[in-house]
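Thanks for coming. Please have a look at it first.

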Amino acid sequence: MPQNKFDWQRGFTLDFSALDGLSKGAESTKRRLSQMQDMYADGEAARALVEGGDPLVYEFYELGTPEHPGDLAFGTSICYPGKVGKEYFMTKGHFHTILDTGEVYYTLSGQGYMLTESPEGDVVAHQLEPGKAVYVPKRYAHRSVNTGDTPLITFFAFRGDAGHDYGTIETKGYRKLIVEGEDGRPKIIDNPKWKK
Ligand code: NI
């Protein structure tokens, strides 16, 4: 994690590429399928893909924002195109550790959905497409899903000290999944692996 590369006291500018999502000077965190294969409904398809080369599912660029309520964390997230069985490549998804904090996403390129759900079970799928911003309200878990053929690249910003709670999603799963339907279009279905 870079600590003093950016001037959080006096400000800074940073280049973001809408083409490949690279954020100059930032560090990328990479997630391969083996790091999240149990999240996909089709365990057999996931295992075969992992054994066949363990594809990179997504990566995101962070700037080492101070964990302070007055600072803003921002960066880019790139979810690559692909499917595990019928289920589209997606990010792990998370709640914020400080649940009462929202987040903004702006799509730079690609097509997909921001799948969100509250602890009480309200599920909302927001479309991600270039030129559109999505507001993820406080308390909602969020995960991006790439339903297109090109990398889905988003710019995000949230409160510096919000933190990431991946554990809840890792143990319980999401209530819903996005899969390719019979007609070749994305379809939202119940997650057979969801644990109450
Ligand atoms: Ni978030």
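Is Glu117 buried or exposed? Before the answer, a caution: this is a predicted model. Glu117 counts as buried, because its relative accessibility is 2%, and the cut-off for buried is under 20%.

Glu117 has a charged partner. It forms a salt bridge with Arg175, and the closest N and O atoms are 3.0 Å apart. Glu117 sits in strand β8, while Arg175 is in the loop between α2 (167-172) and β14 (176-180), so this pair ties together parts 58 residues apart in sequence. Arg175 also counts as buried, at 19% relative accessibility.

Now the neighbourhood of that loop. Which residues does Asn191 touch, leaving aside its neighbours within four places in sequence? They are Gly173, Tyr174, Arg175, Lys176 and Leu177. So Arg175, the salt-bridge partner of Glu117, is also in contact with Asn191, because heavy atoms of the two come within 4.5 Å. Asn191 itself is in the segment after β15 (186-190). Its side chain reaches the backbone oxygen of Tyr174 at 2.8 Å. Asn191 is buried, with a relative accessible area of 8%.

The side chains of Lys176 and Asp190 meet at 2.5 Å, N to O. Lys176 lies in strand β14 and Asp190 in strand β15, so the pair ties together parts 14 residues apart in sequence. Lys176 is partly exposed, with a relative accessible area of 25%, whereas Asp190 is exposed, at 52%. There is also a network in which Lys83, Lys86 and Glu180 are joined by salt bridges that share partners.

How many salt bridges does a search of the whole structure find? The count is 10. One of them is between the side chains of Lys30 and Glu59, at 3.4 Å, N to O. Lys30 is in strand β1 and Glu59 in strand β2, 29 residues apart. Here Lys30 is partly exposed, with a relative accessible area of 44%, but Glu59 is buried, at 6%.

Six strands form an open sheet, in the order β1-β2-β3-β12-β7-β10, and the pairing is antiparallel. The edge strands are β1 (27-32) and β10, each pairing on one side only. From one strand to the next, the twist averages 20 degrees. Inside the sheet, β7 (residues 103-109) is joined to β12 by 6 bridges. In that region, Thr107 stands opposite Thr154 in β12.

Last, the nonpolar part. In soluble globular proteins, nonpolar side chains tend to be buried together. The largest nonpolar core in this model has 32 residues, and Met36, Tyr40, Val57 and Val84 have the most contacts inside it. Several elements give two or more residues to this core, including α1 (43-51), β2 (56-62), β3 (72-79) and β8 (112-117). Apart from it lies another core of 9 residues, among them Leu14, Ala26, Leu63 and Phe74.

Setting aside neighbours within four places in sequence, Tyr40 is in contact with residues including Leu33, Val57, Val84, Phe89 and Met90. Its contacts also include Glu87 and Lys193.

That is the tour. Questions are welcome.

Definitions and conventions: Residues numbered from 1 in each chain as written. Predicted model: local features only at pLDDT ≥ 70, side-chain atom pairs only at ≥ 80, totals over all residues. Heavy atoms only, no water. Helix = DSSP H or I, 4+ residues; strand = E, 2+ residues; numbered from the N terminus. Buried < 20%, exposed > 50% of the residue type's maximum accessible area, 1.4 Å probe, protein only. Polar contact = N/O pair within 3.5 Å; in protein donor to acceptor, adjacent residues only side chain to side chain. Core = buried A, V, L, I, M, F, W, Y, C linked by side-chain atoms within 4.5 Å. Pairing = 2+ DSSP bridges. Axes fitted to C-alpha atoms, helices over the stretch in contact; angles between N-to-C directions. Salt bridge = Lys/Arg side-chain N within 4 Å of Asp/Glu carboxyl O.
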